[in-house]
Amino acid sequence: MRRYIGFRDFVQRDQRSLVGTGLLLTGSHEQAIRLALRAYRTVGLAWPPTPWENPATHAHTALYRAFLRRPTAAGATALVRLPPRRRLIAVACLHDGRTPEEMADVLGLPVETVESELTEALDTLTKGDRRRLVNRFATQAGEASVPDLSDRSLADLRRRGRRRVLLTAAVLTLLVGFIVTLTPQGQVWTTALAAGDRGSGASAAVPQAATASSGPSAPGSASASPSAEPSAGGTAQPAVPTAWKAPRTSYVIRYAVPGECRGARPATPYAGKVLCSGWTLAMTSDRPSKDRPGLPKATCEPGGCRATLHVPDAVQDLGYGDDRSRELGPVVSRDGRRLAYLSAAELRYVAHDLPSGTKRYLSPALTPADLEHTSVAVSPDGRHFTVRLADRRLRTDFATGSTSPVPAGETTPAERSAGWLDEEYPGWTASPSGKYAAAAVSGEPGNDSLHIVDAASRRVVKRMPLPPLGEPVAAEAVHWLSAREVVVELTGRTSRDILGFYRVDVRNGRMHRLAGLPADDRIAIGAAADR
């Protein structure tokens, strides 16, 4: 079921910690597993988690409450002989890392009561030796025998889902029957059915209406079927692409370029409308040909293998409102192993890890208002993805899958100055630290120059004229390779030809051509600099 995408990975990642906590609380492996399954059921019923929710924290909180509803104890250890609430507070604070304030909120108790219960537990178990008790808990929890609970958890959720669907269908059937028997039109239908449809006026009305809608429309009248209405401009609307499933592969992404748009572009690019989608990935691998995965268009030579992949749902162009549109592209991690983009199929940001085939959602389903000023960025190590929306930013840790709003105090200077940079420069790119921004500015006598801007003070700290390449050049800052190098795209002002991509050292202005990249005015760079 699409709703539970990512749930299996979450259970497999979290189950050892959750069962260990249950073992400390109950003293029994069987009861610990039973508690963990109840907790996963609670989390699964609310899946997928909201961007500000940590599903691991939700699971532990659900386990605590399930334990307090029906506390159990097996064995004769000093811990399980403690009263259930005191036992829970001790395990949650000393083993799971919860604070007294958090447990007071979970249990609905004053903070002083929680602190008093924790002190009593420490005195009883180790005479106040907190570190000794923490180590003991860790040792006991580490002895937990943990089977794979993902299949059982998903089976339970699917069984409950089927039960819920059947119950809903039964209620709707009863409701429709109740309405039919009480309303006047329903009584007419019931009479017609009972009479076998013989000469009933109600039965005659149905084919009469069908005939009217299937025949030609009267002059000046609207079409009876919305599907019969041609799209604006008399062109068919583009088909919505399917969501891409990344193959598991050792190949890395050198760069991505826009693919061919399929279907006609809507005549009116209203806000939030996907106008075009599809990006092509240029892949490479140093492994020999016998290790080549089943990728299309893969060619291997003694120096390595190359392949291309098409991502049909990666958005290229997006309606911006007031009949305007804006370009949108994917981002690729510096090592070329992860890709993130706005999915036209799901209208939310997604990220893929190629070595494992793992997919993460970086945002909820978005509204046109969210998409007014939107982009996605990846951290230098490829672990964190930040989605910029109209009124907020969301940051996802790919390793855990947790997404949370970025507090104002944790945004980078470039993120805080994004609005000003958008107005000041047609195109800019933030440094890996977010402290600086690079942008190309028209210079004299016709050549562009590269500006390095301190995003916090909004001051240009370095201006570097770009040398002509046989003719005056226009430039666009594309990507930071590192804290010291920026990739710029150079175009001849006279010939209008793309002259190539160059890496510029921001310390001294030295420029070197970045080989192996196509002459395309839109590109997302991944591991190209390392290949």
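**Cavity**

The predicted structure holds one cavity of 30 Å³ or more, a cavity being a set of points on a 1 Å grid over the protein atoms alone where a 1.4 Å probe fits but cannot get out. About 30 Å³ of space lies in this largest cavity; a volume is the space filled by probe spheres set on the points.

Its lining consists of Val43, Ala46, Trp47, Pro49, Glu53, Pro55 and His58, lining residues having an atom within 4 Å of a point. Five of these residues are nonpolar, one is polar and one is charged.

Beyond four places in sequence, Phe10 touches Tyr40, Val43, Trp47, Pro55, Ala56 and Ala59 (heavy atoms within 4.5 Å).

**Strand 1**

All seven residues of strand 1 (residues 252–258) are buried, so this strand is largely enclosed by the rest of the structure. Strands are DSSP runs of E, at least two residues, numbered from the N terminus.

Strand 1 pairs antiparallel with strand 2 (residues 274–285) over six bridges, where pairing requires at least two DSSP bridges; Tyr255 has Ala282 as its bridge partner in strand 2. Two bridges join strand 1 to the antiparallel strand 22 (residues 524–525), with Ala256 opposite Ala524.

**Basis**

Residues are numbered from 1 along each chain as its sequence is written, and side-chain values use heavy atoms, with hydrogens and water left out. In this predicted model, local features need pLDDT of at least 70 and side-chain atom pairs count only at pLDDT 80 or more, whereas totals for chains, interfaces and linings use all residues.

Conventions
On a 1 Å grid over the protein atoms alone, a cavity is a set of points where a 1.4 Å probe fits but cannot get out, and a pocket is an open set with protein on both sides within 12 Å along at least five of seven lines; lining residues have an atom within 4 Å of a point. Ala, Val, Leu, Ile, Met, Phe, Trp, Tyr, Cys and Pro count as nonpolar, Asp, Glu, Lys and Arg as charged, and the others, Gly among them, as polar. Buried means under 20% relative accessible area, exposed over 50%, partly exposed in between (1.4 Å probe, protein chains only). Helices (H or I, at least four residues) and strands (E, at least two) are DSSP runs, numbered from the N terminus.
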